[in-house]
Amino acid sequence: MKHDLTTRKYERRARKLYALFSCLVLALTVMVVPAFAADDPLTVVNNLSEFIFSLIRAIGLILLGFGVLQLGLSLKSHDPSQRANGMLTIAGGIVITFTKEIRNRPLECIILSVKDTYMDAQEVMHMTDYSKITALYSRL
């Protein structure tokens, strides 16, 4: 009698493992995504950059949510040190979330204003990065 119970126990485990393995194989088969390779290496680098910045944005949003949670709990428990940590976490989450936007825009403004260098906004909008750099070096 005892032997039958242990055999059934192992049979159930084997069935569960087989079901799990089958679901895993099915999921891996269905979720195969073809890789569309780009002809231009610059496009590949830009796609990788977009992917990395999307990961950074996700981390920033998680930190932002955690900061809001921390701030809410500090208001409930009247803990000023936790409130300060919550505000710092919110600020850090905002900065990390908008890293790409912060990285792209202010750098151009800072570079364009170095040593009283002035370029018309319309002129800058229609220039490529290489021609912006070339124009800046020629004006310095």
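**Entry 1, starting point.** I began with isoleucine 62, which is found in helix 2. Helices here are DSSP runs of H or I with at least four residues, strands are runs of E with at least two, and both are numbered from the N terminus. I noted that this is a predicted model, in which local features need pLDDT of at least 70 and side-chain atom pairs count only at pLDDT 80 or more, while totals for chains, interfaces and linings use all residues. Residues are numbered from 1 along each chain as its sequence is written, and side-chain values use heavy atoms, with hydrogens and water left out.

The cut-offs are under 20% relative accessible area for buried, over 50% for exposed, and partly exposed in between, with a 1.4 Å probe and protein chains only. I then took the C-alpha to C-alpha distance from isoleucine 62 to isoleucine 90, which is 9.9 Å across 28 residues of sequence.

Along the sequence the pattern reads α-α-α-α-α-α. The chain has 140 residues, and 13% of them count as buried. I put down an accessible surface of about 11800 Å² for the chain, with 70% of that surface belonging to carbon and sulfur atoms. Such areas come from the Shrake-Rupley method with a 1.4 Å probe, and for residues only the protein chains shown count as cover. I also looked at contacts, where contact means heavy atoms within 4.5 Å. Of the contacts in the chain with a separation of 6 or more, 42% are between residues 24 or more positions apart.

Two packed helices are described by the angle between their axes and the distance between the axes. For helix 2 (residues 41-77) and helix 3 (residues 80-97), I found axes that come within 7 Å and cross at roughly 160°. Helix 2 is therefore roughly antiparallel to helix 3. Axes are lines fitted to C-alpha atoms, for helices over the stretch in contact, and angles run from 0 to 180 degrees between N-to-C directions. Angles under 35 degrees count as roughly parallel, over 145 as roughly antiparallel, 65 to 115 as roughly perpendicular, and the rest as oblique. I recorded the crossing of helix 2 and helix 3 as left-handed. That term applies if the near helix is turned anticlockwise from the far one by less than a right angle; clockwise gives right-handed.

Which classes of residue make up the contact of helix 2 with helix 3? I listed 13 nonpolar, 11 polar and two charged residues. Nonpolar covers Ala, Val, Leu, Ile, Met, Phe, Trp, Tyr, Cys and Pro; charged covers Asp, Glu, Lys and Arg; the others, Gly among them, are polar.

I went to histidine 78, in the loop between helix 2 and helix 3. Its phi is near 55°, a positive value in a residue other than glycine. Histidine 78 has 63% relative accessibility and counts as exposed.

Beyond neighbours within four places in sequence, serine 74 is in contact with Asp79, Gln82 and Arg83.

Glycine 86 lies in helix 3 and is buried, with a relative accessible area of 0%. With neighbours up to four places away set aside, I found glycine 86 in contact with Gly67, Gln70 and Leu71.

Threonine 89, in helix 3, counts as buried at 17% relative accessibility. Not counting residues up to four places away in sequence, threonine 89 touches Leu63, Phe66, Gly67 and Gln70.

I looked up isoleucine 56 in helix 2 and found it partly exposed, with a relative accessible area of 28%. Isoleucine 56 touches Ile96 and Thr99, residues up to four places away in sequence not being counted. From isoleucine 56 to threonine 99 the C-alpha to C-alpha distance is 7.8 Å, at 43 residues apart in sequence.

Leucine 55 is in helix 2 and is partly exposed, with a relative accessible area of 44%. I noted leucine 55 and threonine 97 as 42 residues apart in sequence and 9.6 Å apart in space, C-alpha to C-alpha.
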